[in-house]
Amino acid sequence: THALKTGSYLTDRIISKGAKNNAATHSVVYYFMFHLNEGKPIDFTGVDESTARWVQDFNVKPYATPAKLESIDGARYQALLIPDCPGALNDLAHSGSLHRILTHFVSHKKPVCAVGQGVSALCCATEGQSWIFSGYSLTGPSVFELVRRPDFANLPLVVEDFVKDSGGSYTEDAVHVVIDRHLITGQNMQSTSLAVNNLILLCGAK
């Protein structure tokens with residue numbers, strides 16, 4: 001896993017999966033990254049000798065140059081994955097473009113997976129006083145986890161509180177994934193592998 005630098009970078013990923021005979025272990029996940037400003041290169045952090053080759057190979061791929069989130073047509077994609085990303089609280093939690101994409105995915109019952117801080121991106125999908133995930137069971141960073149952050153007092157929203165106030169059901173644990181219909185949520189970064197594996201299985205079942 002390679003981390004993106006914070007700032008205006010969006011770390012949401014829309015993925016489509018190609019699988020043979022629904023065998024998740026042999027599946028290929030193609031991912032595309034989107035950015036607020038089209039054409040700017042992706043800047044990775046934590047690159048060392050063991051990961052430099054991966055980053056170098058990635059940078060020559062045609063999808064290494066991000067597209068604008070506003071230009072994305074959800075109908076072209078089979079699944080949506082929003083990984084753990086601190087910037088989601090600021091960039092995605094109130095994004096009209098992501099709201100449009102999520103509305104399409106929910107209406108067509110396409111798989112949606114959000115992990116850790118990425119779960120806050122789901123908060124953008126409100127219609128008036130109604131949240132499109134009202135009635136769903138999900139998880140995300142707990143208050144206990146967030147309160148350890150030095151910027152806790154300045155967070156624009158707390159996922160646990162938002163979910164409970166908006167009609168959702170929230171649960172938590174150390175490593176925790178909740179699956180409710182076509183929505184998969186992981187509580188924290190440690191839950192990423194389990195959440196994504198379930199997303200792949202859900203895509204293969206469609």
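**Exercise 1. Which residue forms a salt bridge with K164, and how far apart are the closest N and O atoms?**

Solution. 
Step 1. Apply the rule: a salt bridge is a side-chain nitrogen of Lys or Arg within 4 Å of a carboxyl oxygen of Asp or Glu.
Step 2. Find the partner. K164 pairs with E160, and their closest N and O atoms are 2.9 Å apart.
Step 3. K164 and E160 both lie in helix 5, four residues apart, about one turn of the helix. Helices here are DSSP runs of H or I with at least four residues, strands are E runs of at least two, and both are numbered from the N terminus.
Step 4. Buried means under 20% relative accessible area, exposed over 50%, and partly exposed in between (1.4 Å probe, protein chains only). K164 is partly exposed at 45%, whereas E160 is buried at 8%.

This is a predicted model: local features need pLDDT of at least 70, side-chain atom pairs count only at pLDDT 80 or more, and totals for chains, interfaces and linings use all residues. Residues are numbered from 1 along each chain as its sequence is written, and side-chain values use heavy atoms, with hydrogens and water left out.

**Exercise 2. Where do D57 and R53 lie, and how many residues apart are they?**

Solution. 
Step 1. Locate them. Both lie in helix 1 (residues 52-59), four residues apart, about one turn of the helix.
Step 2. Check the atoms. D57 and R53 form a salt bridge, with the closest N and O atoms 3.3 Å apart.
Step 3. D57 is partly exposed at 34%. R53 is exposed at 57%.
Step 4. Look at another pair. R149 and D151 form a salt bridge at 2.8 Å, N to O. R149 is partly exposed at 22%, and D151 is partly exposed at 30%.
Step 5. Take the total. The rule gives four salt bridges.

**Exercise 3. Which residues touch the most other members of the largest nonpolar core?**

Solution. 
Step 1. Define the set. A nonpolar core joins buried Ala, Val, Leu, Ile, Met, Phe, Trp, Tyr and Cys residues through side-chain atoms within 4.5 Å.
Step 2. Name the residues. The core has 36 residues, and L98, L102, L122 and F133 touch the most other members.
Step 3. Find the elements. Those giving two or more residues include strand 6 (79-82), helix 3 (96-107) and helix 5 (159-165). Helix 3 gives the most, with five residues.
Step 4. Zoom in on L102. Leaving aside neighbours within four places in sequence, its contacts (heavy atoms within 4.5 Å) include L80, V112, L122 and F133.
Step 5. Look for another core. A second, separate one has nine residues, among them A79, L81, V177 and L199.
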